[in-house]
Amino acid sequence: MYRRIVRMADAEQVADIVAQRLLERVIELQDKRGVVHVCLTGGHTANKVYERLAELVPESDLDASKLQLWWGDERFIPATDAERNSLQAVTRLARTVHIKSADIHMMPAQDGRADSHQCAAEYETELGDTVFDITLVGVGPDGHVGSIFPDHPSFDATNRLVVGVTEAPKPPSERISLTLPAMNRSEEIWVITTGAAKADAAARAIAGEPSLPASHLQGRQATYWFLDAEAAVDLPEPYDCAL
């Protein structure tokens, strides 16, 4: 299993490089395998990646008919709520990535549903045996990934692929998340981390501190950490590498 730490100057460069590399990698995989499954994340930097990606697509060879989109976690709120990760991503990508709605696998919304646990079970059924080719992941200042939080029941060992999360330590309190086993079923995991607030968690996770969910990310083939200078400031010298 291959791991690489990539440090860049700032969050803008992280978004630019990740978008460019993601597009290139998806096209490469489409040429080799056909359909490519990509699991998306939420957050400010991830949304910048999607904006950049949408700008690059028109001049590329991307075949949107061979693209399947999934999500690593979601806020359990109404479908039209602007805070939903999936709505934020699709709004940005849809400008140029013309993908069929059947190929966009959003996590269930709160509308008229019993609870996040029932909806998590439904998403797990939809996911089935799917293996993600690439999973994008963000890291919180506390080392959480998706909606798997340290010192919280969401971090308990499980064989489940998707769980409902209640009493989350950040709002909204109810969420749906892939579990770590589901994330690690990915061929490649791309961790996107920017800002000084993430520096401590990034350094501890990369060092393998077991109390942090982010420490347990491990793609089947490769795991990449994309950090800006602020997020990488606490990394030891051997990890201070450029693209």
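Predicted model: local features only at pLDDT ≥ 70, side-chain atom pairs only at ≥ 80, totals over all residues.
Residues are numbered from 1 along each chain as its sequence is written, and side-chain values use heavy atoms, with hydrogens and water left out. Local features need pLDDT of at least 70 and side-chain atom pairs count only at pLDDT 80 or more, while totals for chains, interfaces and linings use all residues.

The protein chain holds six helices and nine strands. These are DSSP runs numbered from the N terminus: helices are H or I, at least four residues, and strands are E, at least two. The C-alpha trace spans about 50 × 45 × 30 Å along its principal axes. The radius of gyration, taken over C-alpha atoms, is 17 Å. This agrees with a compact globule of 243 residues, which would have a value near 18 Å. That rule is 2.2 Å times the number of residues to the power 0.38.

Of the 243 residues, 54% are buried. Buried means under 20% relative accessible area, with a 1.4 Å probe and protein chains only.

In soluble globular proteins, nonpolar side chains tend to be buried together. Here the largest nonpolar core has 78 residues. Such a core is a set of buried Ala, Val, Leu, Ile, Met, Phe, Trp, Tyr and Cys residues joined through side-chain atoms within 4.5 Å. Leu40, Val162, Leu178, Trp225 and Leu227 touch the most other members. Helix α1 (residues 11–33) gives the most to this core, with ten residues.

Helix α6 (residues 199–206) is largely enclosed by the rest of the structure, because six of its eight residues are buried. These are Ala199, Ala201, Ala202, Ala203, Ala205 and Ile206. Their cover includes β1 (2–8), β8 (188–193) and β9 (222–228). Gly208 follows α6 and has a positive phi, near 90°.

Val165 lies in strand β6 (residues 162–165). Its relative accessibility is 1%, so Val165 counts as buried. Leaving out residues up to four places away in sequence, Val165 touches Ser116, Ser147, His152, Ser154, Ser173, Glu174, Arg175 and Ser177. Asn47 is 118 residues from Val165 in sequence and 23 Å away in space, C-alpha to C-alpha.

How values were computed: Buried < 20%, exposed > 50% of the residue type's maximum accessible area, 1.4 Å probe, protein only. Contact = heavy atoms within 4.5 Å.
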